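Q: Please take a close look at the aromatic ring pairs in this model and at what surrounds them. How many aromatic pairs does the count come to?

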Amino acid sequence: MKDVYEKTPQMGDPASLEPRITETLNNIERLKLEVQKYEAWLAEAESRVLSNRGDSLSRHARPPDPPASAPPDSSSSSNSGSQDNKESSEEPPSEESQDAPIYTEFDEDFEEEPVSPIGHCVAIYHFEGSSEGTISMAEGEDLSLMEEDKGDGWTRVRRKQGGEGYVPTSYLRVTLN
């Protein structure tokens with residue numbers, strides 16, 4: 001756009017774009033620093049998850065802390081205001097919390113208990129379960145109904161020979177207990 005203004009001055013003053021260009025470059029730098037900060041936090045969380053599973057990563061391995069300061073002149077931009085200052089004051093998790101498991105308050109929600117089927121169903125059509133969480137079924141196969149469709153079009157079933165997953169509800173003839 002600056003080139004257009006320089007070639008055709010009647011369209012606008014090229015010097016008027018300089019502050020906007022500078023502001024945009026500063027915003028880009030600020031966002032790059034934020035991306036680095038969040039990538040470091042993500043890497044730390046992933047390494048904790050892997051170490052909690054017993055993988056070979058060191059439990060105390062920690063990515064380098066992201067830069068604490070914002071680029072020069074980024075606080076002078078009119079659009080950023082106090083929101084930038086609030087975001088840049090966020091700190092990564094403290095060193096004391098390194099050994100604490102992540103999201104322990106939700107662990108009991110995911111402990112698997114043997115669940116009794118709530119019904120019975122028969123596959124009306126063949127379904128090739130190729131996505132994560134789905135299960136294949138053959139036409140006419142008898143299945144145990146483990147969980148009803150919650151409105152998303154998928155029902156959780158269990159095969160007689162083992163294996164559990166989701167199948168399209170419209171592919172089933174369901175009988176509840």
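A: Trp154 is partly exposed, because its relative accessible area is 32% (buried is under 20%, exposed over 50% and partly exposed in between, with a 1.4 Å probe and protein chains only). The model is a predicted one, in which local features need pLDDT of at least 70 and side-chain atom pairs count only at pLDDT 80 or more, while totals for chains, interfaces and linings use all residues. Residues are numbered from 1 along each chain as its sequence is written, and side-chain values rest on heavy atoms, with hydrogens and water left out.

An aromatic ring pair is described by the distance of the centres and the angle of the planes. Rings of Phe, Tyr and Trp (its six-membered ring) pair if their centres lie within 6.5 Å; planes under 30 degrees apart are stacked, over 60 edge-to-face, and the rest tilted. By this rule there are 4 aromatic pairs. In one of them, Tyr125 and Tyr171 have ring centres 5.4 Å apart and planes at 70°, so the pair is edge-to-face. Tyr125 sits in the loop between β1 (119-123) and β2 (142-147), and Tyr171 in the loop between β4 (164-168) and β5 (172-176), so this pair ties together parts that are 46 residues apart in sequence. Strands here are DSSP runs of E, at least two residues, numbered from the N terminus. Tyr125 counts as partly exposed because its relative accessible area is 46%; Tyr171, at 27%, is also partly exposed.

Phe127 and Trp154 make another edge-to-face pair, with 5.9 Å from centre to centre and 65° between the planes. Phe127 belongs to the loop between β1 and β2, whereas Trp154 is in strand β3 (residues 154-159), so the pair joins parts 27 residues apart in sequence. Taken together, ring pairs link Tyr125, Phe127, Trp154 and Tyr171 into a cluster.

Ser144 counts as buried because its relative accessibility is 13%. Apart from neighbours within four places in sequence, Ser144 is in contact with Pro117, Gly119, Arg156, Val157, Arg158 and Lys160, where contact means heavy atoms within 4.5 Å. Among these partners, Arg156, Val157 and Arg158 fall within the residue range of strand β3, 154-159, where Trp154 lies.

How values were computed: Helices (H or I, at least four residues) and strands (E, at least two) are DSSP runs, numbered from the N terminus.
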